[in-house]
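Could you walk me through this model in my viewer, one selection at a time? I would like to know what to pick next and what is there.

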Amino acid sequence: MARYGLRLLYGVIVVWGAFTGAFFLLYVVPGDAAGGLTAGADGADVKRLLAEQRELLGLDRPVWVQYWDALTGALQGDFGQSIYQRRPAVEVYFESFPETLELAFLGLLLAVVLGVTLSVVIELTNWKWARELLISLPPVAVSLPPFLVGLVLLQVFAFQLHWIKAVNDPGFGGLLIASAALAVAGGGSISQLLTANLRGALTSPYVETARNWGLSRFDLLVRHALKNAALPVITSLGTTVGVMVGGTVLTETVFSRLGVGRLVVDAVDGRDMPVVLVAVTISAVIFVAVNLVVDAVHPLLDKRISWDG
């Protein structure tokens, strides 16, 4: 179990690194929250109001003091108050979290279905030209950013077919289309890995033995090869979840959905440090937790891997 203890330590370092990186990246960006709060003030009063707001927000203190206060507060679960909403940043974040969780979960589900289906179809296709065409699809899907896919889907389903609303569609159709935009890159990544492993599994001795029993190619693929070929895909789900969490920011912006992604964009634009730190830290915690769960479950799925290995 020492290996998992070490990975837990690495996870803590990752979360701390994400928190620290977000803090200093937002700090070095020109402007601060005080500037946003004094926007529209008369020219004669700008400097005075700006100084007062910086002192009130603690932005006039040395950066290391600000960082230490933010870090110690975060360790106690207190990220401070949202500068603009005047409420705890954690409360502001979790008001938007259910919408994003719904989007990310459905996106992950669609990515798995898309990736597995495409890989199975590739292996069942007998025509060489069709197989080569299908094999070229996953790399293309991986290279497409979610916001570009989202813009195309928005153009087709909102402006051409009028199946969904262009702005924050509350129905399941809007959620499904937004999730599909998020799932394309993840599905392509899953399909690439699964296709490569299926090719190896189909040439394994146990599959050759099953083939000699007269099983069809579909039975060989689904009942025997797919189970073992899917193990590396399960391991990679941690990375896929990370891609999904990151992709929700752009996807929610494109579809104008009111979730964490939109909240983060507004917080970064307004230099709302507490909200940004909450969002980045929780995203890092989710990423680390999923990877730890995958590592813990993998030996249960593959008996060749021991807990001590």
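Keep in mind that the model is predicted.

**Stop one: the surface patch.** Select Val 140, Leu 144, Phe 147, Leu 148, Leu 151, Val 152, Val 156, Leu 161, Trp 163 and Leu 250; together these residues form a nonpolar patch on the surface, with about 860 Å² of accessible area. Now colour helix α8, residues 146-160, which gives the most to the patch with five residues. Zoom in on Val 156, found in helix α8. Val 156 counts as partly exposed because its relative accessibility is 33%, and partly exposed covers the range between under 20% (buried) and over 50% (exposed).

**Stop two: a glycine in a helix.** Move on to helix α11, residues 217-254, and pick out Gly 238 there. Is Gly 238 buried or exposed? Its relative accessibility is 0%, so Gly 238 counts as buried. Next, show its contacts beyond four places in sequence: Phe 287, Val 290, Asn 291 and Val 294. Draw a distance from Gly 238 to Phe 287: C-alpha to C-alpha it is 6.5 Å, although 49 residues separate the two in sequence.

**Stop three: the annotated spans.** An unreviewed UniProt entry places "transmembrane region" features at several spans, including 7-29, 103-122 and 134-159. Select residues 7-29: this span is 96% helix and 0% strand, with its end C-alpha atoms 33 Å apart. Finish with residues 103-122, where the span is 100% helix and the end C-alpha atoms lie 28 Å apart.

Technical notes: Residues are numbered from 1 along each chain as its sequence is written. This is a predicted model: local features need pLDDT of at least 70, side-chain atom pairs count only at pLDDT 80 or more; totals for chains, interfaces and linings use all residues. Side-chain values use heavy atoms; hydrogens and water are left out. Helices (H or I, at least four residues) and strands (E, at least two) are DSSP runs, numbered from the N terminus. Buried means under 20% relative accessible area, exposed over 50%, partly exposed in between (1.4 Å probe, protein chains only). Contact means heavy atoms within 4.5 Å. Patches are made of residues with over 30% relative accessible area and no salt bridge: like charges are joined within 9 Å, nonpolar side chains (Val, Leu, Ile, Met, Phe, Trp, Tyr) within 5 Å. Accessible areas come from the Shrake-Rupley method with a 1.4 Å probe; for residues, only the protein chains shown count as cover. A salt bridge is a side-chain nitrogen of Lys or Arg within 4 Å of a carboxyl oxygen of Asp or Glu. UniProt positions are given in the numbering used here, feature names are shortened, and annotations may be inferred rather than shown by experiment.
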